[in-house]
Amino acid sequence: MAYRCGKCGRVWEDQTATENELFCTRRCGGELIADTGADPPPNKLYVELTTDCNMDCPMCIRHSWDSPVGHMSDATFEAVMTQLADMPSIRTINFSGFGEPMIHPKFFEFAQRAKNAGLVVEVITNGLALDSETINRVIDLPIDRLVVSVDSLSEPTGEMGHAGSFESVSEALRILYHRRLLRRAPKPDLNIEFVASRRNIGELPQLRQLSLVLGFSRIIVSNMIPQTPEQADNLLYDASCNVARGQELSPWQPCLDMPVMDMCDESNEAVKRMIRTGILLRVNGANVSGEGPHCRFVEEGRLAICSDGALSPCLALMHSHKYYFRKREKRILAYHPGNVNSASIRDIWDSAEYRDFRARVRGFEFSPCLDCGGCNLRDTNESDCAGDTFPRCGECLWAAGWIQCP
């Protein structure tokens, strides 16, 4: 039996489950998945309660779409919850998407409905709605996991996603942590989501120091998705674009197998220069460069529901939008194999079209656009040089490992 890490994607052959669990749990925090080649059952549902937001972040993809702003209706949410009764493998509901879920007028009513159904409830929020009353309701419900976007600790304005919000949000998190301690409440588990660029990566040490004050247990770092050529100049994954991951080692692309060592100026500079040559980097046996492209959404049985009820395989395909990669505009067309208002989640999941799409994604049967110098087929996800049907995921930033979602 082969096993695959749900986080780093590494496949282990001819080893026991215990050995795999020890390696992946200790080194990358991933969960062990039996790699049978079969389609995993759905287990996590992202629900976009609204496409509206109480912030206007310059790097948000909402700047590049023409989707109407709207809240999920009572009828649509009821359809989702009713249909989940026929999907017992889905144990977690994550209120997120590309809007601020906590500004939905029935956020707590919907969250309570999910808790009553026995689901684990996660929320991704910018934290601006966490006033005193809301904090009490978050603890009382309780929300199981609260992921707060904090990625600009000092910049009052500018390109950073949540510029100017840290002072009020950090005070709300401090109050939340204090009240949890007073009540001896283990939930919500608080995580921080940090969208990194060259302009704010230096603030990570300062953010880590705040964990004892604000009470968060994890910092989830993702790269920025640039909405303008200027934002693309501040990316932190330019050098990793040169690494053809998942390919055999060769004199043209050797492997640098490093031990664990101090991250001092001298070692950092040497490794940085090596990485820029496109070398594959391993540290103490762990593949730091990452494996070949793979989709965690499909491989881990995740799916998403837009605010209008449209079902999508992942967050990246929920809405048509654009971004800039290698200084070139990329247009992403949304993909919706069905809508919960006209078909059940079970029927959409089991449809031939959706099953075929997931099979193609698991095998990653797309052109190697991430490693290619580029052609005009890269302008959208409609087609690539391998042909076949829409959508084409060969240049997916999520599959590359540069963008990650809780």
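## The sheet

Let's start with two neighbouring strands: strand E4 (residues 44-47) runs parallel to E5, and 4 bridges join them. Val-47 sits opposite Phe-95 in E5. Bear in mind as you look around that this is a predicted model.

Now for the whole sheet. It is an open one, built from 9 strands in the order E9-E8-E7-E6-E5-E4-E13-E14-E17, with mixed pairing. At its edges you'll find strand E9 (218-223) and strand E17 (338-339), each of which pairs on one side only. As for what holds such things together, strands of a sheet pair through backbone hydrogen bonds, either parallel or antiparallel.

## Helix H12

Next up is helix H12 (residues 352-362), where Tyr-354, Phe-357, Arg-358, Arg-360 and Val-361 are buried. These residues cover an arc of only 160 degrees around the axis, which puts them on the same side of H12.

What do the buried residues of H12 pack against? Their partners are helix H10 (296-299), strand E13 (302-305), strand E14 (310-312) and H11. Just after H12 comes Phe-364, with a positive phi of about 45 degrees. One of the buried residues, Arg-358, also belongs to a network of salt bridges that links Asp-39, Arg-358 and Arg-362.

## Salt bridges

The model has 21 salt bridges in total. One of them joins Arg-346 to Asp-86, with the closest N and O atoms 3.9 Å apart. Arg-346 lies in helix H11 (residues 345-350), while Asp-86 is in the loop between helix H2 (74-84) and strand E5 (92-95), so this pair ties together parts that are 260 residues apart in sequence. Arg-346 is partly exposed at 27% relative accessibility, and Asp-86 is partly exposed too, at 45%.

Another salt bridge brings Lys-115 and Asp-144 together, and here the closest N and O atoms are 3.1 Å apart. Lys-115 belongs to helix H3 (residues 107-116) and Asp-144 to the loop between helix H4 (132-140) and strand E7 (145-149), so the parts they tie together are 29 residues apart in sequence. Asp-144 counts as buried, at 10% relative accessibility. Then there's the salt bridge between the side chains of Arg-392 and Asp-384, at 3.0 Å from N to O. Are Arg-392 and Asp-384 buried or exposed? Both are buried.

## Aromatic pairs

There are 12 aromatic pairs to explore. Phe-325 and Trp-402 make a tilted one, 5.6 Å from centre to centre and with 35 degrees between the planes. Phe-325 is in strand E15 (residues 321-325) and Trp-402 in the segment after H12, so the pair connects parts that are 77 residues apart in sequence. Phe-325 and Trp-402 are both buried.

Trp-349 and Tyr-354 have ring centres 5.5 Å apart and planes at 80 degrees, so their pair is edge-to-face. Trp-349 is buried, as is Tyr-354. Elsewhere, Phe-77, Phe-95, Phe-107, Phe-108 and Phe-110 gather into one aromatic cluster. Phe-95 is the residue that stands opposite Val-47.

## Cysteines

How many disulfides does the whole structure have? A search turns up 0. Take Cys-57: the closest cysteine sulfur to its own is in Cys-53, and at 6.1 Å that is too far for a bond. Cys-57 is also buried, with a relative accessible area of 12%.

Methods
Residues numbered from 1 in each chain as written. Predicted model: local features only at pLDDT ≥ 70, side-chain atom pairs only at ≥ 80, totals over all residues. Heavy atoms only, no water. Salt bridge = Lys/Arg side-chain N within 4 Å of Asp/Glu carboxyl O. Buried < 20%, exposed > 50% of the residue type's maximum accessible area, 1.4 Å probe, protein only. Pairing = 2+ DSSP bridges. Arc of directions from axis to C-beta. Contact = heavy atoms within 4.5 Å. Disulfide = S-S within 2.5 Å. Phe/Tyr/Trp six-rings, centres within 6.5 Å; stacked < 30°, edge-to-face > 60°.
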